[in-house]
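The following account leads through the fold of one chain and then turns to its contacts with a partner chain.

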Amino acid sequence: MKTKFGVKEVVAIGIGAALFVALTQVQIPLGIPNTYLQPRAALLAFLAAVFGPVVGAAVGLIGHALGDIFFYGSAWWSWVFPEAIFGFILGVFAKKYSIKEGGFGKKEIIHFNVVQIIANAAAWILAAPVLDILIYKEPVNKVFLQGVAAWLGNVIIIAILGTLLAVGYSKVGAKSSSLTKED
Amino acid sequence: MARILTYEERDTWIHRLSGVTKLIFFLLWMLASMLSYDTRVLLTMVLGSLVIYKMSKIEWRQIGTVLKFILFFLVINLLAIFAFSPYEGVNIYGSRTDIVHLFGNYWLTKEQLFYEFNVLIKYVTIVPAVFTFIITTNPSEFAASLNRIGISYNVGYSVAIALRYIPDVQDDFLKIKHAQEARGIEMSGKASLLSRIKNTASIIFPLIFTSMDRIDVVGNAMELRGFGKHKKRTWYAGKTLKKADYIVITVSVIITVAALIITFHDGNRFYNPFA
């Protein structure tokens, strides 16, 4: 799939990553070490769904790396790359959701959520634990449990917040075309 | 939002280095510390990064809160590793020296302690380097450096915009949060999980929608000025490489190569004192 990379995408990545970093602090604890319900995941899902795979992947990569560095003093790379993978997979189907065109209805909501569950699984149950083991040699059962917890947390927050964001923005975006001509 | 690391202007030889140099050093340093699990290499790197940190004259107030947070995170991670896999070290080093029996199936072993110590210093190695990098590098110059090491200026600009807008977005976030709190929305831990999600949404929605407008405004402004028309750009904040830069780059390449050779020469990432 070919997506054009223009000025808007450059800016979307920049401001999207800034939002992602700012939302790093907004976390709702889940009760497993270093794993939280993260509204920033919903933001990433939303941006990827609106702007496509390149913006999705870049916001995930830059946002997560900068957020880690600013708040934790070091980037946990094995979790930075999965974030990019997630943004990319979700963004591939951006045209299908037609959020900007105001066509984000029931069918698209289901499609969006099915894709986000699969993309989250690929990122957090597959990529993140494998990278944790390759780079940091952490215990296998620990990283997989953390991965599953992150997957669950992200799926929940995206299903609620991500869907609502897309629906809301779709309505705002649709305003211009919802005018009817007066007789 | 004081818990964030920011650039501060000062005049040390590290500040005067070009952003490219510091970026290359930083990336190589991370690479070496990521790949190596050799205790000797990691300890040397910890010492090295402490020396650099000292020379950059960073003050405690600039990093104190972030550092406490990192230590907290590290302790939890180390405890979690022990809880999930008390014999990871035994598996890695292939021997077992018990120290004390804790409870049930949990024995404290020397190998486990040594393994967790390695996990700790692996992380600690990077921290002073990151602090030094962020606090001594001007964000605009950082974007120029990305372009200099061969990354497309579009990407450099995205990063520059991200760095430029982080404080703005944080400001917006606080303003919206205060406004919502004034309307009686509970943001603390007292609320239930579902209502906390709902309350978070009441901040995030306006924040994201105003940011979407901002993307349009900034994008249009850049388009009007012909951004992206040509293949190359010049940089206002870019610095030319001087003698000190070349020395630092050479030294960091040598250190990285040496670290990797020492780590992998016996075909194992781990240094084994128990063998």
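How many helices and strands are there in chain B? Chain B holds 10 helices and two strands, where helices (H or I, at least four residues) and strands (E, at least two) are DSSP runs numbered from the N terminus. The model is predicted: local features need pLDDT of at least 70, side-chain atom pairs count only at pLDDT 80 or more, and totals for chains, interfaces and linings use all residues. Residues are numbered from 1 along each chain as its sequence is written, while chains are lettered from A and ligands numbered from 1 in the order in which they are written.

Along the sequence, the elements of chain B follow the pattern α-α-α-α-α-β-β-α-α-α-α-α. Chain B is more spread out than a compact globule, because its radius of gyration is 24 Å, well over the 19 Å that the globule rule gives for 275 residues. This radius is taken over C-alpha atoms, and the rule is 2.2 Å times the number of residues to the power 0.38. The C-alpha atoms of chain B fill a box of roughly 70 × 60 × 35 Å along the principal axes.

In the interface, 53 residues of chain B are in contact with 45 residues of chain A; contact requires C-beta atoms, placed from the backbone, to lie within 7 Å. The elements of chain B that give two or more residues to this side are helix H4 (60–84), helix H6 (110–136), helix H8 (153–182) and helix H9 (193–224). The largest share, 17 residues, comes from H9(B).

Terms used:
Two residues are in contact if their C-beta atoms, placed from the backbone, lie within 7 Å.
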